[in-house]
Structures are given as C-alpha cells and as structure tokens.
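The sequence and the model are shown first.

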Amino acid sequence: MMARQPHVDGHYNNLSLNSLGGIGSSASFRAPFQILFSSEKVNQSSSPLKIRRRSISFSLAVGGGCKRVAVMASSGYGQDGVCKDIKTKNFLRHVESLANIPCGAGKISQLNAVILGEALASEENDLVFPSEDFSRQALIPSPQKYLEMYKRSIEDPAGFWSDIASQFYWKEKWGQEVVSENLDVRKGNIKIEWFKGGITNICYNCLDRNIEAGLGDKIAIYWEGNEPGFDSTLTYSQLLEQVCQLANYLKDVGVKKGDAVIIYLPMLSELPITMLACARIGAVHSAVFAGFSAESLSQRIMDCKAKAVITCNAVKRGPKTIYLKDIVDAALTECSKNGISVDVCLTYENKLALTRENTKWQEGRDIWWQDVVPKYPTTCEVEWVDAEDPLFLLYTSGSTGKPKGVLHTTGGYMVYTATTFKYAFDYKPSDVYWCTADCGWITGHSYVTYGPMLNGATSVVYEGAPNYPDPGRCWDIVDKYKVTIFYTAPTLVRSLMRDSNEYVTRYSRKSLRVLGSVGEPINPSAWRWFFNVVGDARCPISDTWWQTETGGFMITPLPGAWPQKPGSATFPFFGVQPVIVDEKGVEIEGECNGYLCIKNSWPGAFRTLYGDHERYETTYFKPFPGYYFSGDGCSRDKDGYHWLTGRVDDVINVSGHRIGTAEVESALVSHPQCAEAAVVGVEHEVKGQGIYAFVTLVEGVPYSEELRKDLILSVRKQIGAFAAPDKIHWAPGLPKTRSGKIMRRILRKIASRQLDELGDTSTLADPGVVDELIALADS
C-alpha cells in the first residue's frame, strides 16, 4: 500500500475509535510517536493550524514532549455543527468508509534497515496521514473529492471518460456509443470497445500536442548511463525529430500500418523512441525485455510474424556485458528453421558496451542504426488510427504453454494511462519523474513512455543496475536530476534495505515528494523502510495494484486523498469496480478475503490474446462469468481497504486454511535478521499442501538451527501455528529477472525437487543463484 494524504475536507460522521482501523491506544504506535485521540474542541488560539470549526485533536508524543495537532472536520458538517450523511448507492459500499476516516499529520515509528519491521497485525492497524499542506495542493485533496469523482465514474462511465478523452487530440470524434462491452461468456463472445470510431494517434498526443502547447523546449528524457558520468537529454522537440527519423526509415523498409515490429533494446533513449515511431505510423510494437533468451525471443517473433527486429549490439548492466545481438542472431536462426524470415535487423551501436568491429554481422539483413536513421527527414506524417486499432503486443510467459500476446488498442489505453499517471502520482508540471522499470514490461509501456509523455512530464531513463557501482546509485540519480516522483518495485526496496542506511542518508533526497511501488504486494516492513528512510516520513507512497492485462492502475492510493495502511493498495481508481468473490463466484460483502474480480470494463483493458481469443475468454472470463478474473487473491478489511495476497496459485491451502504467500513472507521479513523471503506451496501427504520458505538473511548473519526455529516461531506468533513453514531453505539470493521480479515458478520446481523441469532461466539477473539454491536444498 502507499502513503496517502487525506485532507481537511474529511468527514467525521459518528466518529469512533473502531472506525479508525484500530487506532486509539498507545499500543498501536511505537516510539517516538503516539497518537491519542480526544474529543475536546480546539479553538483558533490553541491550535497550530488555527482551525475555528469543530475539530478532533490528538497529541503527538515526540520523545516525551507533546505537540497538539488539530484535525479539521469541515465538509461533513453543516453550519449548525450537525453531521450530514453522504448518500451512497450499492456500488460505493466499500469506499464510503472513507467518509468516516480522520485526516491529519504525523509520522510513523522509525525503523532501522536491519530491524525490518514490526508484527504484521500491529502494522495493519496503523494509519499514515497526509500533511495538510500536501493535501491542500493535491489534485484529489480529500475523500469527498474522490467519492464525488468515483461516484460519477461508476454511474456515468461514458460521460466521465468522454470528458477526460476530450482533453486529447482526436482527428475525428468517436461515435455516439462511448463504450460497448460484454464480460459474460454466457451471453456470447467477450468484447470490450471504448471510443470506437474515434480517430487519433498516441504519438501525436505524446509529442506534437505538447509541443503545440509550448513544451517544445521542456526536457522529455534525462538519460542516465550505466557508468556514472555518461548521460544525455532530449527535449520534446528533439525527441519528436528523432522519432520522425526512425518512423520514416521504417516506412522506407516496408513497415506499414498493422505490421508488427519486435523491439529488443535495453534502457536507452532509443527504446521509447522506437515505441513512439511505431505508434506514429500505425505499426504494432512488441517490446521484449532485453534479457529473454533466444528461444523466448524467437517464439515472440514467430507468433506475431514481425516485419522487422530492432536491437543493439550489447549493453552493460553493472559490470556485466550482455551481448544482445548474439541473442537476436540465434533467435532469427531459429525462426528461419520454422519458416519465418525477418529481412530487417536494425542494430544500434552501443559503443560503451561493444564496438561495431567486434559485433557479429549478417550482410543484407543487419543495418547499423547510426548509418541510416539520422539521414531521414525530421518530420513524418501521422498515420491516424481508430481508437480500437492495435497499439502494441506484450507477451507474458507462464510456466507452461506458449507466451500469451496481450493486445492493447489505442484510444482507451491512451486515456486510461494518462489519467492514472496524473492522479496516482499527483503529477504537477514541475515534477521530475523516475520509474525504474524496463520498457520490456507493461510498467515501462504505461509509466515510462506513454503515461508520462501524455502529461508532458520530464522522465529519467536509467540504463544500468540500481546498485551499481554501489547501493547508493538510485539516490545519487535522484539528487542529480532533482527527482520528485520515484516509482519502483518492492524487490528493489527490500534489496536496498539489506545495505546500510548510510547509502541512502548520504544523499539529500529533498526533492522527493511522492514514492511508488509496483509489481507485487509490498510487505509492511519494506513499506515502512521506504517511507521512513527513503522518504524521510514525508512522502506518500502510491502502492499500485494492476496487471499487464489492465493497462494501468486499478487499485491505488491517491496522494493527499486519504490515510494509508502500510501494505494496502487501499481503494479503486476511477471507473474500476473491484469485487471479492468466493469459490462459487458469489460476491462477498464487508470484511472478507477471496478471489479478486472486476465488474464491468475500463478503458485501459486489453482486448484479446493475439491469435487466441478462446484462450482470452477461458483464462480471464470463464472462471467467474460476468467478471474479469484477475487471478489474484485479495482481502478487504473493516475499513474497506484492499490487501492483495498474491496470485491465486500463490495461495496455499494448508489443512483447509487458505494462506496467502505474501502474508507468510511479511511475517518472516519482520524478523530482524531476515532480509527477504519467498514462499511457495509444496505437496504434503497429511496437510494437502505444506509451506516452503526461501529465506535470505541480513548481510553477515550466519545460518543456524536456532535462527531457523526463531523464524518459524515468528510466523506462528504473527499468523498462527497453521501458517508455520514446514521448511526453511537458506537462500543467498533469490532467482529474479533483471527488473526485480522473483521467478516463483523456479522456486516451486526446486522445492518440489523437479529439477529437470526448471525451464528457461536465461532472464535471471544471476542464473548462478539457481545452482546455489539447489546445493543448499538439504542443508
């Protein structure tokens, strides 16, 4: 979850301590801060905030001295001081609790990088309030503003999204029907369409529209190389020129509207340039993370029958050189064996990693980017496309079967990514934004390239590893570019927690104002470290839940709008109706846990799996007819906050108890000597499934039987005996992709001793960690 900031417009109808998520006693908070609520009035003379109206005061005990703070209860009361009810309909039943949550200001208990958090139950009871200053300036400054907008987005989705879409450029406006959908397989084929008939172009809206608005000289991209000291910048005007040159080249080699182009590039500026160039001419780009194996790459090339492949010869990530062109060569050879030939392989010469003289070459197919692209004109006509024309394919891989080609179309995706970026990060034109994700994943599509540029934002693009040449590199970059919004993955946060806080605190980080988390549920102790150490307890955290398939954020805090609970994704974004259902597909009300589904469509939803609509319907819509099934487990607490428990296949059924892996992992990581944990289920002859935990210890802590027992006891205390791990597997490291995603598929195979079924490990940041884990399997 993320740090949010509700505001002085909070309602306080029938306020009771029970409505505050368990807060109200000193036991709920750790030193040096305690929040103690009282019912006395605070007048102008006694309140530092100079509040005249009815208020609730609380004391912040700071190291033994108390500071009186007043929390204002404004719009929930009439002038006579009588509470006004907010009338809500059924669809608001799980967000209306916002109207009863207080707002205020305050820190949460400090935390050392080694002592990684507190008991999960206590953490869930904490509320982290926004400051009054932050909320006053926020785009969504209060629960009431959110409720007003959310209510309209559900009651009148066509009107709500049409108003937002009208802020972008459309060559022709969409037809009378804004949205057409069927999410119920019992009523026919699944169909989602938004703004159909509307003619637009996302590249034009990212670049030309901003330049016409006077942003031509604004920095679009700060590029930071792997090696400190190597950097460059592109203004919006310069970016458009380079996009047009590449677009003209692609047209010249025969790439047309609807043709697929495979992009296999590292985080150079040329990666977003290539995405935008494809979009400008109506080509469908398919970015493949530059770490996938030749086999994985060839599967994607063959599936979409790519017209061209765009890559670079090599990249340095940290001290390691990765020879990307060699991987592409092997993939294209495999394609040829299967009757698929690609005539164009445009290759960018990345001189800092490898010279062209040392690059393997196939004459007639391979072309150096620098030899041809700069020769083309710096203007290029736009290919205007329908809102429902394809924009990109992004393949997601499973443990079995061929990759799934998630297809996103143009208009709805454009409107949704722009809007989610704007509100979830409380974006201001003066912000400098850095998302650490690779454009080979959906986060890089939506929140490195399209979302920021549609808002005219300045973004940092970083080529290298986040801990190179030392664990302070991220904060060095933050200070260098005065980054204000920092969006990263929990895995990176936990990795940096293992190192001394000094790597963080040696840098100012004063520019930061909003933090963000993406990719998996963030355990409360990591959330707290991120909030306290990185953000100095002053930056809200946008803990976003969404998927490749959703295109953009679905459940997320909005900075300034409401209090946060460490580890909770909080409430749904505009237009999103999350429901929790049981095994039979029956919606569960109130406090509960179950399967997370979405009712009705949203503009950013994917439209199909490329070439396999039947698989699309079977995977996402048949499990619970009438809903989009996310595949994730979720719990909702008594205040309506959502807590993601991980993939359903990451929910372990132990003797009838459904236990989320994230919950067990959080309990393990709360132990002061545990740096990171990953939990999987294994077959158990008595319990059905057992809990198998891979545990990485804090640097310098030795493995011991005593510590093993201590870790198990920690889980027993925090969750219960039924959740105690059956096996603690010591892990010097965990198998992760270079973007930080833990490959749980590999962990399941190791835990089950299915070592001959490990599958492709080429995408791992450190493939050697797999052998280390196997060697420690029986220790």
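In this predicted model, Ser269 lies in the loop that joins strand S9 (260-264) to helix H8 (270-280). Its relative accessible area is 8%, and Ser269 is therefore buried, since the cut-off for that class is under 20%. Apart from neighbours within four places in sequence, Ser269 is in contact with Ile221, Trp223 and Leu234.

On the strand side, S9 pairs with strand S11 (residues 308-312) in the parallel sense, over 4 bridges. Within this pairing, Tyr264 has Thr311 of S11 as its bridge partner. S11 also pairs with strand S14 (residues 345-348), again in the parallel sense and over 4 bridges. Here Cys312 stands opposite Tyr348 of S14.

How much of S11 is covered? The strand is mostly covered, with 5 of its 5 residues buried. Ala308, Ile310 and Cys312 point one way from S11, while Val309 and Thr311 point the other way. The residues on both sides are buried.

On the helix side, H8 packs against another helix. In general, two packed helices are described by the angle between their axes and the distance between the axes. The axes of H8 and helix H13 (residues 442-454) come within 11 Å and cross at roughly 60°. This angle makes H8 oblique to H13. The crossing of H8 with H13 is right-handed. H8 contributes Pro272, Met275, Leu276 and Ala279 to the contact, and H13 contributes His445, Thr449, Tyr450 and Met453. By class, the residues of the contact of H8 with H13 comprise 6 nonpolar, 2 polar and no charged.

Cys597 has Phe629 in S27 as its bridge partner.

| Strands | Sense | Bridges |
|---|---|---|
| S9 and S11 | parallel | 4 bridges |
| S11 and S14 | parallel | 4 bridges |

Terms used:
Residues numbered from 1 in each chain as written. Predicted model: local features only at pLDDT ≥ 70, side-chain atom pairs only at ≥ 80, totals over all residues. Heavy atoms only, no water. Pairing = 2+ DSSP bridges. Helix = DSSP H or I, 4+ residues; strand = E, 2+ residues; numbered from the N terminus. Buried < 20%, exposed > 50% of the residue type's maximum accessible area, 1.4 Å probe, protein only. Contact = heavy atoms within 4.5 Å. Axes fitted to C-alpha atoms, helices over the stretch in contact; angles between N-to-C directions. Parallel < 35°, antiparallel > 145°, perpendicular 65-115°, else oblique. Left-handed = near helix turned anticlockwise from the far one by under 90°. Nonpolar A, V, L, I, M, F, W, Y, C, P; charged D, E, K, R; others polar.
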